[in-house]
Amino acid sequence: MNKLTFEWPIRVYYEDTDAGGIVYYANYLKFLERARTEWLRSLGIEQNTWLEHRIGFVVRQVQMDLIAPARFNDELTVTVVVERLGKASVVFSQQVLHSDGRIFCEAQIKAACVNLGQSGEAVRAVPMPMEIFEVLKRAN
């Protein structure tokens, strides 16, 4: 079964780089997060709507391999592929690629669906609302 790949373009700004002019490693996490957010948005899932109901997704696990340095003004593509969809979590495979196809970063991200509770309450894992689960299942 071929998995669907979502792609999101990002340009490297000066603020994304370190003193050597290369992307600071932590900023790859921002690029990956933005692509996942835009993927959800492309599916009609607006996170702010679910946050109003105290439902959110939190990153539980990150495995990231920084293969080559991206530099200031590079045009990048960040990909999102769902590797595994569970009732309360989703595992993504993601890449950050140069416009010429070179791979800069590969990552596997596990995100858990949580009930954010009220102030002072514990955040706890919960099954995804069926509306979200069904959309993600169809998109996989």
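A hairpin of three residues connects strand 3 to strand 4 in this predicted model. Helices (H or I, at least four residues) and strands (E, at least two) are DSSP runs, numbered from the N terminus. Strand 3 covers residues 75-85 and strand 4 covers residues 89-98. The two strands pair in the antiparallel sense over nine bridges, where pairing requires that DSSP finds at least two bridges between the strands. Leu85 stands opposite Val90 of strand 4. Strand 3 is also joined to strand 1 by six bridges, and these strands run antiparallel. In that pairing, Ile10 has Leu76 of strand 3 as its bridge partner.

Residues are numbered from 1 along each chain as its sequence is written. In this predicted model local features need pLDDT of at least 70 and side-chain atom pairs count only at pLDDT 80 or more, whereas totals for chains, interfaces and linings use all residues; side-chain values use heavy atoms, with hydrogens and water left out.

The chain contains three helices and six strands, in the order β-α-α-β-β-β-β-β-α from the N terminus on. Its radius of gyration is 16 Å, close to the 14 Å that the globule rule gives for 140 residues, so the chain is as compact as a globular protein of that length. The radius is taken over C-alpha atoms, and the globule rule is 2.2 Å times the number of residues to the power 0.38. The C-alpha trace spans about 45 × 40 × 25 Å along its principal axes. Among contacts with a separation of 6 or more, 65% are between residues 24 or more positions apart, a contact being heavy atoms within 4.5 Å. Of the 140 residues, 39% count as buried; buried means under 20% relative accessible area, exposed over 50%, and partly exposed in between (1.4 Å probe, protein chains only).

Helix 1 comprises 18 residues, 25-42, and should span 26 Å at 1.5 Å a residue; the end C-alpha atoms are 27 Å apart, which agrees. The expected span is 1.5 Å times one less than the number of residues. Just after helix 1, Gly44 takes a positive phi of about 90°.The largest nonpolar core has 34 residues, of which Tyr28, Trp39 and Phe92 touch the most other members. Such a core is a set of buried Ala, Val, Leu, Ile, Met, Phe, Trp, Tyr and Cys residues joined through side-chain atoms within 4.5 Å. At least two residues of this core come from each of strand 1 (6-11), helix 1, strand 3, strand 4, strand 5 (103-115) and helix 3 (130-139). In soluble globular proteins, nonpolar side chains tend to be buried together. Trp39 is buried at 6% relative accessibility, and Phe92 is buried with a relative accessible area of 5%. When residues up to four places away in sequence are not counted, Trp39 touches Phe6, Val80, Val82, Phe92, Leu136 and Ala139.

Five aromatic pairs are present in the structure. Rings of Phe, Tyr and Trp (its six-membered ring) pair if their centres lie within 6.5 Å; planes under 30 degrees apart count as stacked, over 60 as edge-to-face and the rest as tilted. Tyr24 and Tyr25 form a tilted pair, with 4.8 Å centre to centre and 50° between the planes. Tyr24 is partly exposed at a relative accessible area of 38%, and Tyr25 is partly exposed at 48%. The ring centres of Trp39 and Phe92 are 5.5 Å apart with the planes at 85°, so this pair is edge-to-face. Trp39 lies in helix 1 and Phe92 in strand 4, so the pair ties together parts that are 53 residues apart in sequence.

Arg54 is in the loop between helix 2 (47-51) and strand 2 (55-66) and is partly exposed, with a relative accessible area of 31%. Asn73 is in the loop between strand 2 and strand 3 and is partly exposed at 41%.

Ala68 is found in the loop between strand 2 and strand 3 and counts as partly exposed at 27% relative accessibility. Ala68 touches Tyr28, Ile103 and Phe104, not counting residues up to four places away in sequence. Ala68 and Ile22 are 46 residues apart in sequence, with their C-alpha atoms 9.8 Å apart in space.
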